[in-house]
Amino acid sequence: MGPNLLLLLLLTLAGQGSVGSLPEVLQVPVGGSILVQCHYRLQDVKARKVWCRFLLEGCQPLVSSAVDRRAPEGTRMFLTDLGGGLLQVEMLTLREEDAGEYGCVVEGAAGPQTLHRIALEMLPPAPSLKEEEVEKTSKTGVLVDKHFSDPVGSASPLEPSWDEKRAPGKQALQDSGLSQLSLRILLILGVVLLLGLLVVAVVLFAVMAKRKGSV
């Protein structure tokens, strides 16, 4: 669910009215969700249950146990009567404007009864896994950049390493070795050419001497 972490809150209070008691304070990050469970008396199993937002003028019903087919598809609040005296309420994808007081209310024969009240406080959104990875990567990158920009104990143009200091000498040796090899190749080619010329001269001399003898 990413940052929309489900905060599971099991409020297993007995089905006695909590009028006059302080609300339970819940702190949830923006984008999070809550699940509240309230207990009611078994004799109120058929009574209408309501999830209210308490304002100055009283209870503002948000969702109830009655089936409402006109409810919008994008609703973020759900109330489910699980039976056996257990009522469950879900509030999903919470926003900053959702901060306030809420409560489970049962409309029994003796009148509305508040089972439990909560005070919802919204916190800044929790970072997702990807954001945490990017943050860690960026921090690591800064550390790496600082490490390589620090001239102490590191190779830099101002303080070349021992290998870099020896590099000109190595290059000179390599150049001299190549020059010697080229010179040897030229000498060998010269000797071969000279021998070839001598062989040609001997052959020509022999041919000419043979012609003179025959004359």
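Let's start with cysteine 38 and cysteine 104, which form a disulfide with their sulfur atoms 2.4 Å apart (a disulfide here is a pair of cysteine sulfur atoms within 2.5 Å). This pair joins distant parts of the chain, 66 residues apart: cysteine 38 sits in strand 3 (residues 33-39) and cysteine 104 in strand 8 (residues 100-108). Strands are DSSP runs of E, at least two residues long, numbered from the N terminus.

The torsion about the S-S bond of cysteine 38 and cysteine 104 is about 55°, so this disulfide is right-handed. Cysteine 38 is buried, at 2% relative accessible area, and cysteine 104 is buried too, at 1%. Buried means under 20% relative accessible area, exposed over 50%, and partly exposed in between, with a 1.4 Å probe and protein chains only.

## About the model

You are looking at a predicted model, in which local features need pLDDT of at least 70 and side-chain atom pairs count only at pLDDT 80 or more, while totals for chains, interfaces and linings use all residues. Residues are numbered from 1 along each chain as its sequence is written, and side-chain values use heavy atoms, leaving out hydrogens and water.

Cysteine 52 is buried at 1% relative accessible area, whereas cysteine 59 is partly exposed at 37%.

## The overall pattern

Searching the whole structure turns up 2 disulfides. Counting bonded cysteines along the chain, their pattern is 1-4, 2-3.

Definitions and conventions: Helices (H or I, at least four residues) and strands (E, at least two) are DSSP runs, numbered from the N terminus.
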